[in-house]
Amino acid sequence: MPTRKAKRIADAAEMIVDGYAVLKDELGYKIVNLNSGHAVIVSPKHKVLASSMDAIEEKIAIHNFLDNLEFMAA
């Protein structure tokens, strides 16, 4: 992912955990890998709605998100 695009995403993020930016999305949450640009959209009930990540990356991204959800800005 180009550095400029990664910076824009990081600046808009509610939270960044281990290289994954978490943004609020109209469907729930969008988790973006700031290195690769791959993303997963997760519903408020934590179900995967769409993803461009492979299964392992998706699992890591969602695990990091859920482990740190309590620290996300309200």
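Reply: The largest nonpolar core has 13 residues, and those with the most contacts inside it are Met15, Val22, Ile31, Val40, Phe65 and Met72. A nonpolar core is here a set of buried Ala, Val, Leu, Ile, Met, Phe, Trp, Tyr and Cys residues joined through side-chain atoms within 4.5 Å; buried stands for under 20% relative accessible area, exposed for over 50%, and partly exposed for the range in between, with a 1.4 Å probe and protein chains only. At least two residues of this core come from each of β1 (15-17), β2 (20-25), β3 (28-33), β4 (39-42) and α2 (55-68). The largest share, 3 residues, is supplied by α2. Helices (H or I, at least four residues) and strands (E, at least two) are DSSP runs numbered from the N terminus.

The model is predicted, so local features need pLDDT of at least 70 and side-chain atom pairs count only at pLDDT 80 or more, whereas totals for chains, interfaces and linings use all residues. Residues are numbered from 1 along each chain as its sequence is written, and side-chain values use heavy atoms, with hydrogens and water left out.

Leaving aside neighbours within four places in sequence, Ile31 is in contact (heavy atoms within 4.5 Å) with Tyr20, Ala21, Val22, His38, Ala39, Val40, Val42, Met53, Ala61, Ile62 and Phe65. A second, separate core of 8 residues includes Ala13, Val32, Leu34 and Ala39.

The strands belong to an open sheet of 5 strands in the order β1-β2-β3-β4-β5, with antiparallel pairing; two strands pair if DSSP finds at least two bridges between them. β1 and β5 stand at the edges with a single partner strand each, so one side of each has no neighbour in the sheet. From one strand to the next the twist averages 25 degrees, where axes are lines fitted to C-alpha atoms, for helices over the stretch in contact, and angles run from 0 to 180 degrees between N-to-C directions.

In a regular strand the side chains alternate between the two faces of the sheet. Strand β4 is covered on both faces: Ala39 and Ile41 on one side, and Val40 and Val42 on the other, are all buried. β4 is joined to antiparallel β3 by 4 bridges, and Tyr29 stands opposite Val42. The hairpin of β3 and β4 has 5 residues between the strands, and Gly37 in its turn has a positive phi of about 90 degrees. Towards β5, which runs antiparallel to β4, there are 3 bridges; Ile41 stands opposite Ala50, and Ser51 is the bridge partner of Val40. This second hairpin also has 5 residues between its strands, β4 and β5.

Two residues other than glycine deserve mention for their backbone. Most residues other than glycine have a negative phi. His46, in the loop between β4 and β5 (48-51), has a positive phi of about 70 degrees and is partly exposed at 34% relative accessibility. Asp18, in the loop between β1 and β2, has a phi near 55 degrees and is exposed, with a relative accessible area of 63%.

Asn64 touches Val17, Asp18 and Tyr20, not counting residues up to four places away in sequence. Asn64 is buried, at 13% relative accessibility.

A search of the whole structure finds 1 aromatic pair, formed by Tyr29 and Phe65 with 4.9 Å centre to centre and 50 degrees between the planes, a tilted arrangement. Rings of Phe, Tyr and Trp (its six-membered ring) pair if their centres lie within 6.5 Å; planes under 30 degrees apart count as stacked, over 60 as edge-to-face and the rest as tilted. The pair links distant parts of the chain, with Tyr29 in strand β3 and Phe65 in helix α2, 36 residues apart. Tyr29 is buried at 18% relative accessible area, and Phe65 is buried at 1%.

By contrast, the 1 salt bridge of the structure involves exposed residues, Asp11 and Lys7. Their side chains meet at 3.1 Å, N to O; a salt bridge requires a side-chain nitrogen of Lys or Arg within 4 Å of a carboxyl oxygen of Asp or Glu. Because Asp11 and Lys7 are 4 residues apart in helix α1 (residues 3-12), about one helical turn separates them.
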